[in-house]
Amino acid sequence: MATRHSRSAARLMMAPAVVLLLGWMLVPLTMTLWFSFRKYLPLRGGDLGFVGFENYGRFLSSSSFWPAVQTTLVIVGGVLIVSVVLGILLALLLDQPIWGQGVVRILVIAPFFVMPTVSALVWKNMFMDPVNGILAHLWRFFGAEPVQWLSQASIPSIIMIVSWQWLPFATLILLTAIQSLDSEQLEAAEMDGAPPLKRFAYIILPHLARAITIVILIQTIFLLSIFAEIFVTTGGAFGTRTLTYLIFQRVLENQNVGLGSAGGVYAIILANIVALFLMRIVGRNLDA
Amino acid sequence: MGRITLENITKSFGTTEVIPPLDLTIEDGEFTVFVGPSGCGKSTLLRLIAGLEDVTSGKVSIDGTDATMVPPAKRGLAMVFQSYALYPHMSVRKNIAFPLRMAKMDPGEITRRVESAADVLNLTDYLDRRPGQLSGGQRQRVAIGRAIVREPAAFLFDEPLSNLDAALRVGMRLEISELHERLKTTMIYVTHDQVEAMTMADKIVVLRAGHIEQVGSPLDLYRTPRNTFVAGFIGSPKMNLIDGAEAAKHDAHTIGIRPEHIEVSEAGGPWSGVVGVSEHLGSDTFFHIHDTGLAETLTVRAGGEVGFRHGDRVSLTPRADALHRFDDKGLRL
């Protein structure tokens, strides 16, 4: 019933949501843009007026900028690879009929319910602690020198922690996708002479393409802004300073709101570049 | 070549026995139809032959060699599924070529075979489309194409026409029959539709609850059904089965008479009743006759121009030579 009357009613009904969402997005964005052009040092004189593009220049020319961008991309890429690959394997495993399937599935989802701060602390103190951590005990059991995870292998450690949190999400989406595969297709492939690995490559993986795309796009949005995991583990040291963390340091540790805001605008640009690349690479899976 | 023998095979899922011990031979080049009501085990039997299910006990032989433990791909059989099971992300060409690619065949030979199969099935114009862009009948043909390129010892069809509309089903039925005439390969076809069974089969296997009720040519089954189940299942509309005093007159527990073997007239026959619903098909008219004192309703076929109306009292004359007699266990006398 797309009459003119019902269409204008629909617009009226949607208006509150649209206004709310626009405000939600536009107010912080405008404020960030506004502060990024001002010299604003809360503890050293407050708002000192417009400085043009000075903040942008200083943020970009800082020696920590490009390493931070690189770290961000490495962590995002690493977590995506680990969670998608392990997610596919786990989903294949959970699709098998096993005893206690319901309980196992809930256990697999469990990490997703743990707050990022808590899970990072658990990993830091219970697994990766070089003296009392489980991993240290394991290393010593085999006679090896325990690894000082967060200082010697800082980025892999962060990737491990974040992947652990996001694996349930990937597994869950991929599992539902696997379950929607018509079993007759697999049987047809079996009759056609495809052994299990080829059935995976030619039938299951193409079927999962769309779900994998969704996992990658959604995870990227959240992974570009990971913060708590870094804050409670390394505090940005040992080469784990991401762009998000750099902005936090500029605003709160250096008390320079203008510089941090300029960094925020760069983060928006970086997110858009990543999104553009992702849509080019995997976005076509969403059509059809 | 494609002679398939089942010796004493059984299949159980957990503790429920789906197929009790069963023997069956399918001769080379034969078009065999498994027919029965849903849940009778006909699809399971087909899957046992295909190797998609393992037999619980017994022996499956193909061309004299024991294939019981041979994996599905090595049995040299091709299967057409009810849902067609086409690979949605591959073009028609790649779908048809898939079994050949899996067999690591020479690319030139693959192209040649795919194109000749497409030619046979009128798919040449659609080779570069995806299955999603095809109609039901075309998808069905792609599924058949994927089966014939392998040049299998036998084709297995699992209710392949049940997803098509009525007109298309008649067309595809003819195409499959023609394909069989041309290829002369063994075909095993599962259906619950007795019309498909009657029109296509060289040999019909009627199944009920995993048991073979009767095996024979369509006309054998029509003329001499071995029991009341086959009598009621084969033939459309169903045979009229009459118990009681009328049957006792013929020294039987039950007698059966097909609708086409009863003559309907205004008066003069041994039976009479009141016309209920009449179905006019143009060429024929089916009358459902009530109040005969024999069975709840009797179905009678008459010519298309016979004009009895609802509520008319009519007289019925069964053809004495077309009467089927069954004992108290439902077996033919």
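Me: Helices (H or I, at least four residues) and strands (E, at least two) are DSSP runs, numbered from the N terminus. With that in hand, between which helix and which strand of chain B is the place of Lys184(B)?

Reply: Keep in mind that this is a predicted model. Lys184(B) has a positive phi of about 55 degrees although it is not a glycine. Its place is in a loop of chain B, between helix H5 (166-183) and strand S8 (186-191).

Me: Is Lys184(B) buried or exposed?

Reply: Let's count the neighbours. Lys184(B) has 12 other C-beta atoms within 10 Å, so Lys184(B) is exposed.

Me: What does Asp63(B) count as, with 15 C-beta neighbours inside 10 Å?

Reply: Asp63(B) also has a positive phi of about 55 degrees, although it is not a glycine. Asp63(B) sits in the loop between strand S4 (57-62) and strand S5 (65-66) of chain B. Buried needs 20 or more, exposed needs 12 or fewer, and there is a class in between. Because Asp63(B) has 15 C-beta neighbours inside 10 Å, it counts as partly exposed.

Me: By how many Å are the C-alpha atoms of Glu30(B) and Lys184(B) separated?

Reply: Glu30(B) lies in the loop between strand S2 (16-26) and strand S3 (31-35) of chain B. Glu30(B) is buried because 20 other C-beta atoms lie within 10 Å. Leaving out residues up to four places away in sequence, Glu30(B) touches Thr186(B), Asp202(B) and Lys203(B). Glu30(B) and Lys184(B) are 154 residues apart along the chain, yet their C-alpha atoms are separated by 7.8 Å.

Me: How many Å apart do the C-alpha centres of domain 1 and domain 2 of chain B lie?

Reply: Chain B is divided into domain 1 (4-230) and domain 2 (241-326). The C-alpha atoms of the chain fill a box of roughly 75 × 45 × 35 Å, taken along the principal axes. Within that chain, the C-alpha centres of the two domains lie apart by 38 Å.

Me: Which residue joins Ser236(B) through a cis peptide bond?

Reply: Look at the loop between helix H8 (228-233) and strand S11 (240-243) of chain B, where Pro237(B) is found. Omega is about -5 degrees for the cis peptide bond in question, and the partner of Ser236(B) there is Pro237(B).

Me: Now the two chains together: which element gives the largest share of the side of chain B that touches chain A?

Reply: In all, 15 residues of chain B are in contact with 13 residues of chain A. The elements giving two or more residues to that side of chain B are strand S6 (77-80) and helix H2 (92-102). That side divides into 13 nonpolar residues, 2 polar and no charged. The largest share, 3 residues, comes from H2(B).

Me: At which residue does H8(A) bend?

Reply: Helix H8 (residues 154-179) of chain A has 26 residues and reaches 37 Å from its first C-alpha to its last, close to the 38 Å expected at 1.5 Å a residue. The helix does bend by about 40 degrees, and a proline, Pro168(A), follows within four residues of the bend, which is at Trp166(A).

Me: Is Ala267(A) buried or exposed?

Reply: Ala267(A) has its place in helix H13 (residues 257-282) of chain A. Leaving out residues up to four places away in sequence, Ala267(A) touches Leu243(A), Thr244(A) and Ile247(A). The cut-off for a buried residue is 20 or more other C-beta atoms within 10 Å. Since Ala267(A) has 21 C-beta neighbours inside 10 Å, it counts as buried.

How values were computed. Residues numbered from 1 in each chain as written. Chains lettered and ligands numbered in written order. Predicted model: local features only at pLDDT ≥ 70, side-chain atom pairs only at ≥ 80, totals over all residues. Contact = placed C-beta atoms within 7 Å. Nonpolar A, V, L, I, M, F, W, Y, C, P; charged D, E, K, R; others polar. Expected span 1.5 Å × (residues − 1). Bend = angle between axes of the 7 residues up to and from the residue. Domains from an automatic or database assignment.
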